[in-house]
Amino acid sequence: YLDTGNATTTQVTVSGLPAQLTGSKYDLVVYTLGGVAARGGAFRVTDLGGAVLKDYVVILAPNNLGKFQEVVNKTAGTPSEGNYVVFRGLSAKDVIIEATTENGFGQSGTPRAPIDAIQFVSPTGLLDVVVVTPTISIDATGKITFVGKLQSAANPAGPWTDVTGATSPTTADKTSSAKFYRSSN
């Protein structure tokens, strides 16, 4: 738990993130559970040279301190209620997470910009999981149109295996014995 005071800045440097994380971009989650409602400060991400990767997001601790609430309004300089912020689509292997109450970013009578935890999530967008409803159709020529992951089996009871590299539409394998197809999440 790192906390700012009145008109101070706290920095956390993370270096040497692995290529498995940085190669396909990642999201950085900064948790700021200060424990005092309506107090806050600003958070941003820079590289080691100070170049801004994600600009300041001004956060006010929510009145209901017992729940997680993502800061969704990230308009520069405008305070938004929440206790964590997600900086999406980063690829830098070295970053500085900065929490500040300086330069007018402090909120309330006793401004605070605590960092309780930092989480790196790969691949980017994992926190924005979209539920996909699998669908499948096949026409008389063997053209399979599907949404989701295409799987096949020799028996309708399974076992089912993923059809490697299948993209929709694809054509059913007509050279082998009978196959059953389904789409899954």
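In which sense do strand 4 and strand 5 pair, and over how many bridges? Strand 4 (residues 52-60) pairs with strand 5 in the parallel sense, over 2 bridges. Two strands count as paired if DSSP finds at least two bridges between them. Within this pairing, Ile 59 has Ser 80 of strand 5 as its bridge partner.

The structure is a predicted model, in which local features need pLDDT of at least 70 and side-chain atom pairs count only at pLDDT 80 or more, while totals for chains, interfaces and linings use all residues. Residues are numbered from 1 along each chain as its sequence is written, and side-chain values use heavy atoms, with hydrogens and water left out.

The protein chain holds 1 helix and 14 strands. Both kinds of element are DSSP runs, numbered from the N terminus: helices are H or I runs of at least four residues, and strands are E runs of at least two. The C-alpha trace spans about 75 × 35 × 25 Å along its principal axes. The radius of gyration of the protein chain is 24 Å, whereas a compact globule of 185 residues would have a value near 16 Å. This radius is taken over C-alpha atoms, and the globule rule is 2.2 Å times the number of residues to the power 0.38.

Of the 185 residues, 35% are buried. Buried means under 20% relative accessible area, exposed means over 50%, and partly exposed lies in between (1.4 Å probe, protein chains only). The accessible surface of the chain comes to about 9900 Å², and carbon and sulfur atoms supply 53% of that surface. Areas come from the Shrake-Rupley method with a 1.4 Å probe; for residues, only the protein chains shown count as cover. Contacts (heavy atoms within 4.5 Å) were also counted. Among those between residues at least 6 apart in sequence, 67% join residues at least 24 apart.

The chain has 14 positive and 14 negative side chains, and the centres of the two sets lie 7 Å apart. Lys and Arg count as positive, Asp and Glu as negative; His and the chain ends are not counted. Each charge is placed at NZ of Lys, CZ of Arg, CG of Asp or CD of Glu.

Strand 7 (residues 95-100) is mostly covered, with 6 of its 6 residues buried. Val 95, Ile 97 and Ala 99 lie on one side of strand 7, and Ile 96, Glu 98 and Thr 100 on the other. Strand 7 pairs with strand 1 in the antiparallel sense over 6 bridges. There, Thr 13 has Ile 96 as its bridge partner. Strand 3 and strand 7 are also antiparallel, over 5 bridges. Val 45 is partnered by Ile 97 of strand 7.

Thr 46 lies in strand 3 (residues 40-46). Thr 46 is buried, with a relative accessible area of 3%. Leaving aside residues up to four places away in sequence, Thr 46 touches Ala 51, Val 52, Leu 53, Asp 94, Val 95 and Ile 96.

Another open sheet has 3 strands in the order 12-11-14, with antiparallel pairing. Strand 12 (161-162) and strand 14 (180-184) stand at its edges with a single partner strand each, so one side of each has no neighbour in the sheet. Strand 11 (residues 149-153) joins strand 12 through 2 bridges. Gln 151 has Asp 162 of strand 12 as its bridge partner.
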